[in-house]
Amino acid sequence: MKTKISLFSIFMLLMLFQATAQKKPLTHDVYDDWKSLASTSISNDGNWAAYRIDPQVGDGLLEVKNVNNNKTYTIDRVGRFSFSMNSDFVVATVNPEYEKERALKLKKTTSAKMPKDSLFILNLKNGEIKKIARVKNFQFPNESAEWMAYLLEKPLDEKPKKEEGEKADDAKVEKKPKSKSEGSELVLYNFVSGNENRFEGVMEYSITDKGNFLYFEKDEADSLNPAGVFAFNTKTGKEITLNSGLKDYKRFSTTEDGEQLVFFATNSDKKDDDKYFSLMYWKAGNNEAKIIADTTTAGLATNWMISDNSNPRFSESGKRLYFGTAPRPVKYAYEEDTTLLDSERPAVDVWSYNDPYIQPMQKLRANRDRNQSFDVVMDLKSMKMVQLGTQYLESIYIDTENDRDFVLAADDRSYRIQSTWDTQQPRDYYKVDINTGKAKLLMAAGQGFMSLSPAGNYLTWYDPEAEDWFLMDVATETTRNLTDGIAVSFANELHDSPSMAGSYGSAGWSEKDAAFFINDRYDIWKIDPKGKIAPENVTNGFGRKNLITFRYQSLDRDEKFIDMKAPVLLSAMHEWTMQDGFYTANLSKASNPTKVVMEDVSFGRLIKAKDSDRVIFTKSTYEDFGELYVANSYKMDGLKKLTNVGAQEDPYNWGTAELIQFNSLEDGEEMQAILYKPENFDPNKKYPMIVYFYERRTNSLHSHPSPAPSASTINIPYYVSNDYLVLVPDIKYQLGYPGPSAYNHVVPATNAVVNMGFVDKDKMAIQGQSWGGYQVAYLVTKTNMFAAGGAGAPVVNMTSAYGGVRWGSGMSRMFQYEKTQSRLGGTLWETPTRYIDNSPLFRMDEVNTPLFIMHNDEDGAVPWYQGIEYYMALRRLQKPSWLVVYNGEDHNLVQRKNRVDLSIRMGQFFDHYLKGAPMPEWMANGLPATLKGKTLGYELVDETKNTVEGEGASLMQEKKGNK
């Protein structure tokens, strides 16, 4: 049978080919205006969706769309936004115009004179808009549709206007006395009536969830208007003075019904170093707030005080109040000695072998330790205060939803020294009596993190040493192994480091603590906490049989337990194909889950309307932007696309992503990699290829990255659009041999693509950052198959890095090499050959690959000196290499100007070695310190004539107007 092809079909194919061929490559100058979706939200009634469409630089916009009829409102330059509880209004802050603000910054305009945010109130019933200028912030009650409050900026100083004909030397207009208040005007707005109540000089405010009270602090304006805390009853319209005349008020906290308030107050000046605060309490119906806790309160330890650094919070019932206390500051004689000059005081750090934490960690913790508070509870009927936490029992886990007779506490003081070399340190767990504060040891040296069940009957934890889940009955304090004897593993089956394997987590509890749900790699298990019923795989092993990972999804933000009476939603991902989707299941008994949807996409989180079944979510592939969709329910009925942000990609040569298989050289196991190809891919053409890797990345197959300046790694869309192939292989590690493991996966994955026939095997490169940077550095000592390499923040000498400090956390680096990512499995003195064999520095003479290295001078994760050691060795050997160091930057670049610069330099480096492009000036002749800040050296050099091509204008220089 012959297949007939119509002329029309041929014409359409030709048109499609022509359209694809005419698409342009991405360039670095597309970044700023490239848009993304942000802050997606759905109204409580499910009829409206709102989302921001933001460029990377500049002014974004908010779209509010009726999902029934597509009616859309657009608001420019929106920051924070919110739907009202009844879904009738959208309130948003509107930011100043980006370009105007930038122009004022160039003119060195003071902060006070810079434009401020404004407020935008949109009535969704009739489209009416209300705009308010110069607004700091706003608050909505969670359970009232009637009220909102917003705080204005201080008004600008206005010069008195001259009357017509008035001369400069005429009598000056009399000025009003200037208020001392640092506060500004607070407005309480009624959505129903449109009426406003205004309050001057406000510093801090809080509107209650039900909208029944507005609480606020006023700053002192003058001697007749002292500072104070006030309540406004929205029902009666009356303002009540709760307290006045003190100097500093802070940290309002209310009960759920809004009728009780606490706050800290002191008579000390705001600028005083040492202040003693009282905790003030007010209840609706009282004339004023009263002190319920201060330095004289019974139950407070000697020389302790009420801590204003704590966050007071009521229990859900309103019967209890939790807050913090702390030891009073100690004054040391040496510290107070006024006879010593600063130049006579030694500046010294003392590192002691038995310090709980090493000095760098102590310094990072210093503010936290100075401001640390210890939990207390107060019964609001008897006003009895009980100390729960102490310096010897710092971590108290408070459940404000239930008024139990105990709280759970943990103590790790005995094990802190080992945090120098191990991040998996144990803890001692205690049960603390809420009435006496007495602590009873429940478990010593526990490896897992204990969690209390919703009804408070059980404690559960996963023990990584035993690789099992455990439960303790709180009443009897008896413990049993929940997963002992179950044939599957509850420890991470892909764990490949010397540390203890973590779990797959738990899904939660059913009502009244009747059942506990635990995840294995694929399925969900129901456990009877009483042990009378055998553990049951409620997804019926369907996940493991089909290589689908199921996880429970809660759509109710207020949910407290898993419903076993009705089907629940499960997320689902196929482990091998990376298909993503949702199933439903009844978790009361074993049964196969029912498929809702499974697609070759990546679904974003489902967001459900509070009072409707409607859900919104994103779904993406590498080819397709993650647009926002709405459905009538999680069953995906009535599916509708709401956005079209991806249209911005239409003019550009984009790309495709596919999974390929290869076999590890280590053990022959079949592994996977992602291969990205240009949209206009031609299998008869030979392409340059960059191989990027870290550990396992194939689960990102359907992610849709944006073109953006790089923080450290190649931007895949940019390179693919510019006719590169990009390969991202998974790596499985053999303990003790991370370098060889990288080789045993990267090399065969690369060869698998080369064997497909469309790769120029002489034009391949590798690139990675941090752990990936280390692997690049290692690989180029073992193979010459790559024409270039890019290594960001690489460790090259494990022997010198081992004893260093991760300055970002203050931790010793030992744990990383012994137990976690570096996977060496022993100390330097126990396994010295592993440290040397896995360190690229000892084989620098074997490197024949040109290298582009980035390592920044404030890197807190990988010491900067590692990059220097790398560069110095390559320089000594005169191997082609360039080290870029961004001043004041950490492990990954934060400042956008530096990200743009890195993207340009890395692109020029790879273009030279993989596409034969001319070298830029900075590669050919360096960038001398004398020219720093004067030129960027992006200009391409004609090496045959040793001249610079073109005008030498770079993207950055154009943006700065400096050619």
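# Notebook: aromatic rings, cores and strands

I looked up the aromatic residues and found one cluster made of Y718, Y719, Y724, F852, W882, F909, F910, Y913 and W922. For ring pairs I used Phe, Tyr and Trp (its six-membered ring) with centres within 6.5 Å; planes under 30 degrees apart are stacked, over 60 edge-to-face, and the rest tilted.

I note that this is a predicted model, in which local features need pLDDT of at least 70 and side-chain atom pairs count only at pLDDT 80 or more, while totals for chains, interfaces and linings use all residues. Residues are numbered from 1 along each chain as its sequence is written, and side-chain values use heavy atoms, with hydrogens and water left out.

**Ring pairs**

I counted 49 aromatic pairs by this rule. W461 and F470 are a stacked pair, because their ring centres are 6.0 Å apart and their planes lie at 15 degrees. I checked burial next (buried is under 20% relative accessible area, exposed over 50%, partly exposed in between, with a 1.4 Å probe and protein chains only). W461 is buried at a relative accessible area of 4%, and F470 is buried at 15%.

I then looked at W469 and F516, which form an edge-to-face pair with 5.8 Å centre to centre and 70 degrees between the planes. This pair links distant parts of the chain: W469 is in strand β31 (residues 468-473) and F516 in strand β34 (residues 516-519), 47 residues apart. I took helices (H or I, at least four residues) and strands (E, at least two) as DSSP runs, numbered from the N terminus. W469 is buried, with a relative accessible area of 6%, and F516 is buried at 2%.

I listed the contacts of F516 (heavy atoms within 4.5 Å). Leaving aside neighbours within four places in sequence, F516 is in contact with T460, W469, L482, S506, G508, W509, W525, K526 and I527.

**Charges over rings**

I searched for charges over rings (NZ of Lys or CZ of Arg within 6 Å of the ring centre and within 35 degrees of the ring normal). The charged end of K619 sits over the ring of Y629, 5.1 Å from its centre. K677 lies over the face of F681, at 4.5 Å from the ring centre.

**Nonpolar cores**

I defined a nonpolar core as a set of buried Ala, Val, Leu, Ile, Met, Phe, Trp, Tyr and Cys residues joined through side-chain atoms within 4.5 Å. The largest core has 49 residues, and M689, L727, I766 and Y870 have the most contacts inside it. Helix α8 (residues 771-779) gives the most to this core, with six residues. Another core, of 44 residues, lies apart from it and has A657, Y724, A765 and M919 among its members.

I also looked up the surroundings of Y870. Not counting residues up to four places away in sequence, Y870 touches A777, V780, A791, P794, V796, M844, L851 and I853.

**Strands**

I took two strands as paired if DSSP finds at least two bridges between them. Four strands form an open sheet in the order β16-β17-β18-β19, with antiparallel pairing. The edge strands are β16 (248-254) and β19 (290-293), each pairing on one side only. β16 pairs with strand β17 (residues 260-266) in the antiparallel sense over five bridges, and D248 stands opposite T266 in β17.

I turned to strand β27 (residues 427-433), where five of the seven residues are buried. Strand β26 (residues 406-411) is joined to β27 by six bridges and runs antiparallel to it; the bridge partner of F406 in β27 is D433. β27 also pairs with strand β28 (residues 439-446), antiparallel, over five bridges, and the partner of R427 in β28 is G446. The hairpin of β27 and β28 has five residues between the strands, and G437 there takes a positive phi near 80 degrees.

I found A445 in strand β28 with a positive phi of about 55 degrees, although A445 is not a glycine. A445 counts as partly exposed at 39% relative accessibility. N303 is another non-glycine residue with a positive phi, near 65 degrees. N303 sits in the loop between β19 and β20 (304-306) and is exposed, with a relative accessible area of 52%.
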